[in-house]
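Biologist: I would like to learn how to read a model like this one. Please give the general idea each time, then the case at hand.

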Amino acid sequence: ASLAIVAFGAAPVDAARGGSPDGDALESPTLRATESAGRVSSKPSKPGSANCGKQTYTKPGGGTWKCTLSDDFKGTELDSTTWSAQQTAVSGTHSGPECLVDDPDNVSVRDGVLRLTARREAAPFTCASPRGSYTTDYTSGGVTTYGKFSQAFGRFEFRAKFPAATVAGLQSALWLYPEQHAYGGWPASGTSAESSAFLSRMPAG
């Protein structure tokens, strides 16, 4: 079975036509992943040792789930054993005109919350990418478990606060991506399972 990695992101989908998304953020206080005891995850970072608190998760067919990943985003920085900040300059990843960067203005952890922020910068700049550099005036933040945690089956749960934005073109989401791109880059190796997404308003035109 295809293995999935977890990714959070906040981005202007078509901000150039949809208005300014200055300062809008996806805030995720918690993320938890669990698995059926009969389907072992490929390489959880801490097998069987994740602490999901006192909550017990019951499977529809009976029995309980085993916690494989839990993050309450305590402290002041990402847990680098589980997460990496997504960077367009490294992977070429972006979903719109934004440039994904590893910057405290776009990716931050504080007060038990992970904040991913899409920003309109003061002036256009060149976003470097292995797929071809481009000019934009938007930066954004995203995090991924690629290379650190993946799981083929199970239950994924997260709690998030989406921005109260009304301008068109903002997207915040949790994705499950294939770990191995056997048939080429996205979407050739399988369309991401978009677990949850927020769109401020679809751009006109």
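Biologist: Which residues make up the largest nonpolar core?

Modeller: In soluble globular proteins, nonpolar side chains tend to be buried together. A nonpolar core here is a set of buried Ala, Val, Leu, Ile, Met, Phe, Trp, Tyr and Cys residues joined through side-chain atoms within 4.5 Å. Buried means under 20% relative accessible area, exposed over 50%, and partly exposed in between (1.4 Å probe, protein chains only). The largest such core has eight residues: Phe73, Leu78, Trp83, Val107, Val109, Leu114, Leu116 and Val143. Strands E6 (107–110) and E7 (113–127) each supply at least two residues of this core.

Biologist: What should I keep in mind about the source of these values?

Modeller: This is a predicted model, in which local features need pLDDT of at least 70 and side-chain atom pairs count only at pLDDT 80 or more, while totals for chains, interfaces and linings use all residues. Residues are numbered from 1 along each chain as its sequence is written, and side-chain values use heavy atoms, with hydrogens and water left out.

Biologist: How many helices and strands does the chain have?

Modeller: Helices (H or I, at least four residues) and strands (E, at least two) are DSSP runs, numbered from the N terminus. The chain has two helices and eleven strands. Of its 205 residues, 44% are buried.

Biologist: Why is E8 described as largely enclosed by the rest of the structure?

Modeller: Ten of the eleven residues of E8 are buried, so the rest of the structure largely encloses this strand. E8 covers residues 134–144.

Biologist: Which strands pair with E8, and in what sense?

Modeller: Two strands pair if DSSP finds at least two bridges between them. E4 (residues 84–85) pairs with E8 in the antiparallel sense over two bridges, and Ala85 has Val143 as its bridge partner in E8. E5 and E8 run parallel and are joined by two bridges; Cys99 stands opposite Thr139 in E8. E7 and E8 pair in the antiparallel sense over five bridges, with Thr135 in E8 as the bridge partner of Thr126. E7 and E8 also form a hairpin with six residues between them. In that turn, Gly132 has a positive phi of about 120 degrees.

Biologist: Where is the disulfide, and which cysteines does it join?

Modeller: A disulfide is a covalent bond between the sulfur atoms of two cysteines. The cut-off used is a pair of cysteine sulfur atoms within 2.5 Å. The structure holds one disulfide, which joins Cys99 to Cys127 with an S to S distance of 2.0 Å. The pair links distant parts of the chain, 28 residues apart: Cys99 is in strand E5 (residues 99–100) and Cys127 in strand E7. The torsion about the S-S bond of Cys99 and Cys127 is about 75 degrees, so the disulfide is right-handed. Both cysteines are buried.

Biologist: Is Asp137 buried or exposed?

Modeller: Asp137, in strand E8, has a relative accessible area of 17%, so this residue is buried. A polar contact is a pair of N or O atoms within 3.5 Å; within protein, one must be able to donate a hydrogen and the other to accept it, and residues adjacent in sequence count only if both atoms are side-chain atoms. The side chain of Asp137 makes such a contact with the side chain of Arg120 (3.5 Å).

Biologist: Which residues is Asp137 in contact with, leaving aside its neighbours within four places in sequence?

Modeller: Contact means heavy atoms within 4.5 Å. With those neighbours within four places left aside, Asp137 is in contact with Arg119, Arg120, Glu121, Ala123, Pro124 and Phe125.
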